[in-house]
Amino acid sequence: QVQLVESGGGLVQPGGSLTLSCGASGYTLDYYAIHWFRQAPGKEREGVSCISGDGGATNYADSVKGRFTISRDNAKSTVYLQMNSLKPEDTAVYYCRADLIQAMCDMEADDAYFGPWGQGTQVTVSS
């Protein structure tokens with residue numbers, strides 16, 4: 001199982017920025033598409049963004065398009081989520097997971113394709 005660890009969350013004012021990191025200790029992530037998910041209080045988890053194994057393809061949920069940027073550094077086995085122009089509705093616990101079946105970025109990938117959920121990192125957008 002490829003267990004990933006999320007970090008970088010925190011409290012930020014509306015309009016502010018945060019960069020989340022997703023790392024894997026002891027694993028090479030090159031072969032896996034990596035996805036970011038989030039779960040807001042009282043809501044279901046939703047897919048936020050994904051990036052292909054080689055970093056050449058990305059995709060975003062409509063709610064974050066134009067504000068969030070996903071990237072990866074395979075040499076460091078780390079994936080980043082740069083979040084700009086944050087809104088209160090972005091408040092959620094953010095998780096990253098590896099798609100263990102395909103290297104392509106597929107926002108509709110079956111949940112069975114993914115490695116386990118991690119602890120997540122809390123992002124709170126509030127004044």
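Predicted model: local features only at pLDDT ≥ 70, side-chain atom pairs only at ≥ 80, totals over all residues.
**View 1. The fold of the protein is built from strands.**
The protein has 10 strands and zero helices. Along the sequence the pattern reads β-β-β-β-β-β-β-β-β-β. The radius of gyration is 13 Å, close to the 14 Å that the globule rule gives for 127 residues, so the protein is as compact as a globular protein of that length. Its C-alpha trace spans about 40 × 30 × 25 Å along the principal axes.

**View 2. Inside and contacts of the protein.**
Buried residues make up 45% of the 127 in the protein. Among contacts with a separation of 6 or more, 62% join residues 24 or more positions apart.

**View 3. Surface and charge of the protein.**
The accessible surface comes to about 6,300 Å². Carbon and sulfur atoms account for 46% of that surface. There are 9 positive and 14 negative side chains. The centres of these two sets lie 7 Å apart.

**View 4. R97 is a buried residue in strand β9.**
Strand β9 covers residues 92-99 and includes R97. The relative accessibility of R97 is 3%, so R97 counts as buried; the cut-off for buried is under 20%.

**View 5. The side chain of R97 meets D111 and G115.**

**View 6. Neighbours of R97 from elsewhere in the sequence.**
Leaving aside residues up to four places away in sequence, R97 touches L4, A33, I34, H35 and F37, among others. Its contacts also include D111, F114, G115, P116 and W117.

How values were computed:
Residues numbered from 1 in each chain as written. Heavy atoms only, no water. Helix = DSSP H or I, 4+ residues; strand = E, 2+ residues; numbered from the N terminus. Rg over C-alpha atoms; globule rule 2.2 N^0.38 Å. Buried < 20%, exposed > 50% of the residue type's maximum accessible area, 1.4 Å probe, protein only. Contact = heavy atoms within 4.5 Å. Areas by Shrake-Rupley, 256 points an atom, 1.4 Å probe, with all protein chains shown as cover. Lys, Arg positive; Asp, Glu negative; His and termini not counted. Charge placed at Lys NZ, Arg CZ, Asp CG, Glu CD. Polar contact = N/O pair within 3.5 Å; in protein donor to acceptor, adjacent residues only side chain to side chain.
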